[in-house]
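Please keep the sequence and the structure in view while reading.

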Amino acid sequence: MDAISNMDFEFVASGHYAKVIHPLIDETNDLSFLHLSKDMVKDQTYFLSYLSQAQLKRLVLPLGCIPKDEVRRLARKFDLPNQERRDSQGICFLGKIRYSEFVERHIGEKEGILLEAEIDDFLGVHRGFLFYTIGQRQGLGLPGGPWYVVEKDVKNNVVFVSRNYYSVDKIRRSFLVGSFRWISGSPPHNLNHLRCKVPHGPLFYDCSLHIEEKDGIGTVQLPEDDQGLAARQFAAFYQQELCVGSGVILESWDDAKGFPVSVSDKARHIAKMEDKSKLGKPVKIKPKHQDCLRDSIC
């Protein structure tokens, strides 16, 4: 949209599975709305939920009313070159290139350190913070896991990890959201009866949302626990079929239990050290349940 801002194009067409409902031609000052796709398995309103009204007004989504199997049929009918191309599970414009290869090619690697969040142990090195995301489990290369990425110090290129990210005592049915963007320009009137979607799955939760007037931070209450609420990712909000907007998931306010995990002050201090070579060799990681296995009380 930025690239064509000075050109005579009225709309941008995208292949996202979602619906945009525009006002009638003689009512152009009215709002445009984002609705769920007819194909709920492929629905991508979550990824469009942070668009502004100005962006949405110039967007056309031709596939919003067509299920994916019908798109395949039409592609074969018109003999399109991508008619048998497999569905993309990553960043679609990369094609066969893996995301990590894309980052390495365009940005490069920059070695940093892995620190255990709670007890500040130096566990090893990594290729660069850009290769990791909050909540990531695979690709850490650490024994005695599972290990999870719980926070990143971008300035110092440090990745904090923990084995306690999914512990059963962590609170996950309440979480904080900020930096809201409402597609209509303002929040819906009834915040007690919304649906929300979080990044890791296709399910919708019934939820309530309370926003503090003082700081604009909202508390989302779910009816059950969820194990994939990662800070700095998005939560999208819905009223029935209508996507009303989204916000950024924040760290929890519960300092006693921590959510996802509280990084210790010492770990943060180590992360700021200019000469990381003073840390020596990584510690030898012990199995998580070594003591209880030894005492046969697991």
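**Charged pairs, cores and cysteines**

Arginine 268 is partly exposed, with a relative accessible area of 32%; buried denotes under 20% relative accessible area, exposed over 50%, and partly exposed in between (1.4 Å probe, protein chains only). The model is predicted, so local features need pLDDT of at least 70 and side-chain atom pairs count only at pLDDT 80 or more, whereas totals for chains, interfaces and linings use all residues. Residues are numbered from 1 along each chain as its sequence is written, and side-chain values use heavy atoms, with hydrogens and water left out.

The partner of arginine 268 in a salt bridge is glutamate 151, with 2.7 Å between the closest N and O atoms. A salt bridge here is a side-chain nitrogen of Lys or Arg within 4 Å of a carboxyl oxygen of Asp or Glu. This pair joins distant parts of the chain, 117 residues apart: arginine 268 belongs to helix α5 (residues 265-271) and glutamate 151 to strand β7. Helices (H or I, at least four residues) and strands (E, at least two) are DSSP runs, numbered from the N terminus. Glutamate 151 counts as buried, at 13% relative accessibility.

By this rule the structure has six salt bridges. One of them connects glutamate 109 and arginine 127 at 3.1 Å, N to O. Glutamate 109 lies in the loop between α4 (99-106) and β5 (112-116), and arginine 127 in the loop between β6 (122-126) and β7 (148-153). Both residues also take part in a network of salt bridges with Glu104. Arginine 76 pairs with glutamate 84, their closest N and O atoms being 3.6 Å apart; glutamate 84 is exposed, with a relative accessible area of 55%.

Attention now turns to the interior. In soluble globular proteins, nonpolar side chains tend to be buried together. A nonpolar core is a set of buried Ala, Val, Leu, Ile, Met, Phe, Trp, Tyr and Cys residues joined through side-chain atoms within 4.5 Å. The largest such core has 19 residues, of which Phe175, Leu209, Val220 and Phe237 touch the most other members. Elements giving two or more residues to this core include β9 (174-182) and β11 (205-211), and β9 gives the most, with four residues. Apart from this core lies another, of 15 residues, including Trp147 and Ile285.

Finally, the structure holds zero disulfides, a disulfide being a pair of cysteine sulfur atoms within 2.5 Å. Cysteine 196 is buried, with a relative accessible area of 0%, and cysteine 207 is buried, at 5%.
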